Amino acid sequence: MPSDRLNVLFVCSRNQWRSPTAERVWRRHPGLNVRSGGTSPNARHTVSADDIQWADVIFVMEHKHKSRLAAEFTGWLAHKPVHVLDIPDEYKYMDPELVELLEQSVGGILNIE
């Protein structure tokens, strides 16, 4: 059954603070389905080919995450938008400043609130 919701994947390194925060912030938006993952083999959930195929749009926290995804999932990323949010690894889970950054940046790129 096709969905009119946008599938959004959030990626950081260890899927510990930034991407799970993004997932939680955007999980309740009626127009989005969200997932999160990490690029590290030690991530709580390591990004898989299934995650990449599922996603309509991908948000990564840093340029190195985009590079790692590009190296590992070259073919699958060919026609998918990958946005670098430039959010450094200096926030804890649900840090209010991180939440605000995610709301502004993701909302601005997707043109939603």
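The following legends describe close-up views of a predicted model.

In this predicted model, local features require pLDDT of at least 70 and side-chain atom pairs count only at pLDDT 80 or more, whereas totals for chains, interfaces and linings use all residues. Residues are numbered from 1 along each chain as its sequence is written, and side-chain values use heavy atoms, with hydrogens and water left out.

**View A. Buried residues of helix α1 and their cover.** Helix α1 spans residues 18–26, and its buried residues are Arg-18, Ser-19, Pro-20, Thr-21, Ala-22 and Trp-26. Buried denotes under 20% relative accessible area, exposed over 50%, and partly exposed the range in between (1.4 Å probe, protein chains only). Helices (H or I, at least four residues) and strands (E, at least two) are DSSP runs, numbered from the N terminus. The cover over these buried residues includes β1 (6–12), β2 (32–38), α3 (63–72) and α4 (96–110), contact being defined as heavy atoms within 4.5 Å.

**View B. The salt bridge between Arg-18 and Glu-62.** The closest N and O atoms of Arg-18 and Glu-62 are 2.7 Å apart. This pair links distant parts of the chain, with Arg-18 in helix α1 and Glu-62 in the loop between β3 (57–60) and α3, 44 residues apart. A salt bridge is a side-chain nitrogen of Lys or Arg within 4 Å of a carboxyl oxygen of Asp or Glu; the structure holds 4 of them. Arg-18 counts as buried because its relative accessibility is 2%.

**View C. Arg-35 with Asp-50 and Asp-51.** Arg-35 forms a salt bridge with Asp-51, the closest N and O atoms lying 2.9 Å apart. Asp-51 belongs to helix α2 and Arg-35 to strand β2, so the pair ties together parts that are 16 residues apart in sequence. Arg-35 also forms a salt bridge with Asp-50, where the closest N and O atoms are 3.6 Å apart. Asp-51 is buried, at 4% relative accessible area, while Asp-50 is partly exposed at 47% and Arg-35 is partly exposed at 25%.

**View D. Charged surface patches.** Glu-90, Glu-97, Glu-100 and Glu-103 form a negative surface patch. Among them, Glu-97 lies in helix α4 and is partly exposed, with 48% relative accessibility. A positive surface patch consists of Arg-14, Lys-64, Arg-68 and Lys-92. Arg-14 sits in the loop between β1 and α1 and is partly exposed at 33%. Charged patches comprise residues with over 30% relative accessible area and no salt bridge, like charges being joined within 9 Å.

Terms used
Patches are made of residues with over 30% relative accessible area and no salt bridge: like charges are joined within 9 Å, nonpolar side chains (Val, Leu, Ile, Met, Phe, Trp, Tyr) within 5 Å. Accessible areas come from the Shrake-Rupley method with a 1.4 Å probe; for residues, only the protein chains shown count as cover. Lys and Arg count as positive and Asp and Glu as negative; His and the chain ends are not counted. The place of a charge is taken as NZ of Lys, CZ of Arg, CG of Asp or CD of Glu.
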